[in-house]
Amino acid sequence: MKREFIAVFLIAAILALAMINIRHIENKTQALSEDIETAEKLYLSGDKNGAVAGIEDSLETWLSWDSYSHIMLRHSEIDVITDGYYDLLSELQGANEVTEASFGKLKEELHSIAVTERVT
């Protein structure tokens, strides 16, 4: 009977830690999405330099999450998000106008990470 209690305890602990991990990922991706939305609002209001600075800060935050993300997320997801940040930055720093879809693409990629990690 002792083994069964230990097994149930371990399963409960794993489930609890998984839920904590999911919540952490959701909070982190939400914060990054809010950074991108703020940069988008700055860009649409005509503050291109402020938008670039906002995306650079958000990218720095994403990259600082590197040790956690490389353990807990799929490497393909990490690459997609990192590439999305750099693509958006290159568009912002270029001469052409940046569309709202460019910001939306990165926000959607962040959202898809949170959705993928949820328990179904």
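To begin, which residues form a nonpolar patch on the surface, and with how much accessible area together? Please also describe helix α1 around L10.

A: Happy to! This is a predicted model, where local features need pLDDT of at least 70 and side-chain atom pairs count only at pLDDT 80 or more, while totals for chains, interfaces and linings use all residues. Residues are numbered from 1 along each chain as its sequence is written, and side-chain values use heavy atoms, leaving out hydrogens and water.

The patch is formed by I6, F9 and L10, which together have about 330 Å² of accessible area (Shrake-Rupley method, 1.4 Å probe, with only the protein chains shown counting as cover for residues). Patch residues have over 30% relative accessible area and no salt bridge (a Lys or Arg side-chain nitrogen within 4 Å of an Asp or Glu carboxyl oxygen); like charges are joined within 9 Å, and nonpolar side chains (Val, Leu, Ile, Met, Phe, Trp, Tyr) within 5 Å.

L10 is found in helix α1 (helices are DSSP runs of H or I, at least four residues, numbered from the N terminus). Helix α1 covers residues 2-44 and reaches 63 Å from its first C-alpha to its last. L10 has a relative accessible area of 46%, so it is partly exposed (buried is under 20%, exposed over 50%, partly exposed in between; 1.4 Å probe, protein chains only).

S33 also sits in helix α1, but it counts as buried because its relative accessibility is 11%. S33 touches K107 and L110, leaving aside residues up to four places away in sequence (contact means heavy atoms within 4.5 Å). Other buried residues of α1 include N21, I22 and Y43, and the cover over its buried residues includes α2, α3, α4 and α5. Just after α1, G46 takes a positive phi of about 100°.

Technical notes: Helix = DSSP H or I, 4+ residues; strand = E, 2+ residues; numbered from the N terminus. Expected span 1.5 Å × (residues − 1).
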